[in-house]
Amino acid sequence: MNDWLTIAIPKGRLGMTVLEILAEAGLPIEAVATDSRTLMFEFEAEKVRYLICRSSDVPTFVEYGSADIGVVGKDTLAELDADVFEILDLGFGRCRFAVAVKDEVAKKHTNKGIFKLRELNNQRVATKFPNVAEEFFSHKGMQMEVIKLHGNVELAACVGLADMIIDIVSTGKTLQENGLTPVIDIFSATARLIANRVSYRMKNTQINSLSQQLRLIMAERNKHD
Amino acid sequence: MQWKYWQVPKGMQDILPREAKRRRKLENLLSDVFTKWGYEEVETATLEYLDTLTLGSGEGEGLFKLADNNGRLLALRADMTTPIARVIATHMQDADLPLRIFYSDTVYRNKIQHIGGKREFKQAGVELVGIAGIEADVEVVLIALETLKQCTVQDYRLGIGHTVITELLLKEAFSDLAILTEAKEALVKRNIVRLEELLLDSSASLELQTGLKEIATLNGGTELLSLIARISDNAEIKAAVADLELLYSLIISQSKAGTIFFDFTILRDFDYYSGIVFEGYTANLGHPVCGGGRYDKLLGNYGEPQPAVGFAIALDHILATQNMEESNKQKIFLAGTYGPMLFSTALKMRSLGEIVAIDLTGKTYGEALDFVNKQQDMVLKWIEGEG
């Protein structure tokens with residue numbers, strides 16, 4: 001059992017990309033699907049096992065050692081603060097964390113092209129990522145009331161539940177359609193290869209060689225992009 | 001909210017008979033190992049003055065605090081090494097060195113870690129005080145290895161790092177203090193991606209950059225030491241590397257290949273480490289089973305400075321990995337028609353090594369048999385008349 005490599009794969013689109021590059025690295029992925037009822041796929045000959053889980057659960061499976069390694073977005077990772085090794089930036093699935101406010105608020109607090117975030121001290125911020133929000137504002141020395149929501153965060157700003165939102169922005173279209181403007185970039189996030197702290201030591205060679213392969217594959221892909 | 005059962009604070013735990021038995025057995029086994037290496041047990045005060053503990057364990061964030069009657073702040077110990085350093089400085093100033101001390105005690109952390117979620121746990125470990133040389137490190141690492149072996153932990157490995165080497169290498173690569181701090185933090189948080197980004201932006205030579213990258217991702221034997229010696233001319237690093245080479249050769253001759261390896265990302269949680277640091281791993285546990293290292297500066301906080309090295313093992317972690325077959329000795333349930341006789345009969349049987357529990361409620365033969373059948377590992381001994 002111990003020489004198996006267990007990989008946590010996030011459901012959905014990110015997971016599909018992960019499987020693609022794992023296949024390129026020579027791992028078996030035949031019949032593995034990230035959207036089926038089957039949650040575990042095993043390849044006896046190659047001693048590889050995939051766990052298909054929710055993206056936000058990938059760090060948990062890895063932290064507890066139920067999976068040796070996994071792939072997860074840096075956005076999820078930053079929010080969860082799991083005790084795992086972050087070993088490789090895979091470069092895909094890029095998105096950015098941004099503070100967004102209603103268009104008129106953006107106008108009101110922008111001076112010479114600079115948004116004066118500090119003028120909104122003590123206001124409410126709605127987000128799916130309360131830890132990221134807390135961390136961001138405490139670095140700024142601001143005190144904010146952070147409201148945790150589970151989705152459609154834009155709504156909070158539209159109806160005045162919150163004065164601003166912190167959310168992941170990829171194209172900015174949803175914001176625009178809801179009359180919101182991104183005013184400050186917090187950081188941008190890409191998919192990361194993570195490893196359990198014990199697995200990374202017990203299976204160092206195995207994990208490092210896979211990580212090296214993935215690094216080369218991603219570099220090659222980026223060249224063509 | 002009305003609870004059906006009385007609760008204990010989060011992270012505190014009740015240990016019930018079945019588990020208590022396993023723990024006791026493990027504790028005895030550990031104290032046996034430590035005793036055979038010539039270590040002597042100490043127990044330290046559960047409560048200390050807050051100032052005493054913060055001097056050792058760093059900030060008091062993770063400590064349980066309370067106030068004494070006169071308003072002085074007290075805290076529950078969060079590790080054993082700090083109180084033992086105080087005990088040595090207080091009671092053993094004149095003792096002949098080296099001191100070999102072991103403990104098996106409960107520590108308290110007012111911070112719920114992800115895994116286990118416990119705020120109270122039992123630790124056993126050793127401290128070897130008064131020897132600065134690598135020989136002391138070797139002894140402690142060997143004890144750690146023997147402990148893992150004796151605890152029937154399957155497929156274990158021990159990773160060894162060195163805080164001085166890691167810190168000096170980082171210092172060589174990052175001249176900017178703020179970035180150095182960030183790099184250290186990245187390493188502590190096991191964020192290799194961030195460390196690499198910082199390295200790319202640094203003014204470090206390409207050789208140093210690639211070398212550090214490898215050191216941050218690889219673990220291995222002496223080849224890792226050669227790599228360090230190649231990329232750094234620092235005399236302190238070279239001396240530490242020479243020490244580790246010696247340590248490796250002394251330990252590898254006594255253990256299976258691959259059991260120990262070097263890994264310079266191992267830093268441990270406490271700030272007091274000042275030399276080698278190590279962690280024990282086993283395949284079916286997601287976090288280290290044991291850990292320790294050298295802490296030459298800690299004792300000076302409390303009195304005479306003394307070099308020291310030690311390690312601790314969390315009993316819960318070992319118990320979680322063990323598939324101990326429970327070889328329970330059969331218990332005898334002693335019952336009969338004549339009550340008072342039971343006590344003296346039981347006494348005789350116990351002196352012969354039997355485990356005997358007496359019927360105190362005057363059960364009939366049928367009732368006694370029913371009772372025994374419901375228990376595990378219990379047989380009935382029935383005494384008619386006056387025995």
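**Close-up 1. A:Ala98 sits in strand E6 of chain A, which covers residues 95–102.** This is a predicted model, as are all the views below. Is A:Ala98 buried or exposed? A:Ala98 counts as buried, because it has 21 C-beta neighbours inside 10 Å and the cut-off for buried is 20 or more. Look at what touches A:Ala98 once you skip residues up to four places away in sequence: A:Asp167, A:Val169, A:Pro182, A:Ile184, A:Asp185 and A:Ile186. Take A:Asp185 from that set: 87 residues separate A:Ala98 and A:Asp185 along the chain, yet their C-alpha atoms are separated by 4.4 Å.

**Close-up 2. Strand E6 of chain B, residues 120–129, pairs with E5(B) and with strand E11 of chain B.** Which residue is the bridge partner of B:Val126 in E11(B)? That would be B:Phe311. As for cover, 7 of the 10 residues in E6(B) are buried, leaving the strand mostly covered.

Close-up 3. Most peptide bonds are trans. The one from B:Leu97 to B:Pro98 is cis, with omega near 0°. B:Pro98 itself belongs to the loop between helix H3 (81–91) and strand E5 (99–108) of chain B.

**Close-up 4. A:Asn152 has a positive phi, about 45°, without being a glycine.** Most residues other than glycine have a negative phi. You'll find A:Asn152 in the loop of chain A that runs between strand E10 (145–148) and helix H6 (154–158). How many C-beta neighbours does A:Asn152 have inside 10 Å? There are 13, so A:Asn152 counts as partly exposed.

**Close-up 5. B:Arg190 is another non-glycine residue with a positive phi, near 60°.** Its place is the loop in chain B between helix H6 (177–188) and helix H7 (192–201). B:Arg190 counts as buried because 22 C-beta neighbours lie inside 10 Å.

Note on methods:
Residues are numbered from 1 along each chain as its sequence is written. Chains are lettered from A and ligands numbered from 1 in the order in which they are written. This is a predicted model: local features need pLDDT of at least 70, side-chain atom pairs count only at pLDDT 80 or more; totals for chains, interfaces and linings use all residues. Helices (H or I, at least four residues) and strands (E, at least two) are DSSP runs, numbered from the N terminus. A residue is buried if 20 or more other C-beta atoms lie within 10 Å of its own, exposed if 12 or fewer, and partly exposed in between; C-beta atoms are placed from the backbone. Two residues are in contact if their C-beta atoms, placed from the backbone, lie within 7 Å. Two strands pair if DSSP finds at least two bridges between them.
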